[in-house]
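User: I am new to reading protein models and would like to go through this one step by step. Could you take my questions in turn?

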Amino acid sequence: MRPDAEAIAEQVFVALADPSRRAILGSLAAEGPSTATDLAARLPISRQAITKHLTLLSEAGLVIAEPGERRRVRYRVHSAPMQVAQQFLAALARDWDGPLGALRNHLDRARPSAQHQEERP
């Protein structure tokens, strides 16, 4: 994986580690673009805390701030960094699948001979 992609994935994982940020992303995904005030009305999180979380989500590239009327900023989900994180996880899974499959095959081959040894008097 490219070093820049790994850095993006790391930012995504850090951002998603917090349940409040996951709730904010979930709300934006379900309800569409929203202001911090809109999110505070829907979630059990203060507007000030939501603003701080939105800043971190924005820095991770997971949300994009769009200027609206009367200086109100609306945030919307940006999925590209999430896709990079998914690719990172898929590569990690591929790296694990080979050795784990080999171990499983080895254990499966060893199991019948171990059972035969237990059956001997």
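User: In which sense do strand β1 and strand β2 pair?

Analyst: This is a predicted model, in which local features need pLDDT of at least 70, side-chain atom pairs count only at pLDDT 80 or more, and totals for chains, interfaces and linings use all residues. Residues are numbered from 1 along each chain as its sequence is written, and side-chain values use heavy atoms, with hydrogens and water left out. Strands are DSSP runs of E with at least two residues, helices are runs of H or I with at least four, and both are numbered from the N terminus, while two strands pair if DSSP finds at least two bridges between them. Strand β1 (residues 63-67) and strand β2 (residues 73-77) are joined over five bridges, and the sense of their pairing is antiparallel.

User: How are helix α2 and helix α4 oriented, roughly parallel or roughly perpendicular?

Analyst: The axes, which are lines fitted to C-alpha atoms over the stretch in contact, with angles from 0 to 180 degrees between N-to-C directions, come within 10 Å for α2 (residues 19-31) and α4 (residues 47-59) and cross at roughly 80°. Angles under 35 degrees count as roughly parallel, over 145 as roughly antiparallel, 65 to 115 as roughly perpendicular and the rest as oblique. The orientation of α2 to α4 is therefore roughly perpendicular.

User: Which residues does G32 touch, not counting residues up to four places away in sequence?

Analyst: G32 is found in the loop between α2 and α3 (36-42), and its C-alpha atom is separated by 9.6 Å from that of R74, which lies 42 residues apart along the chain. With residues up to four places away in sequence not counted, G32 touches S27 and Y75.

Technical notes: Contact means heavy atoms within 4.5 Å.
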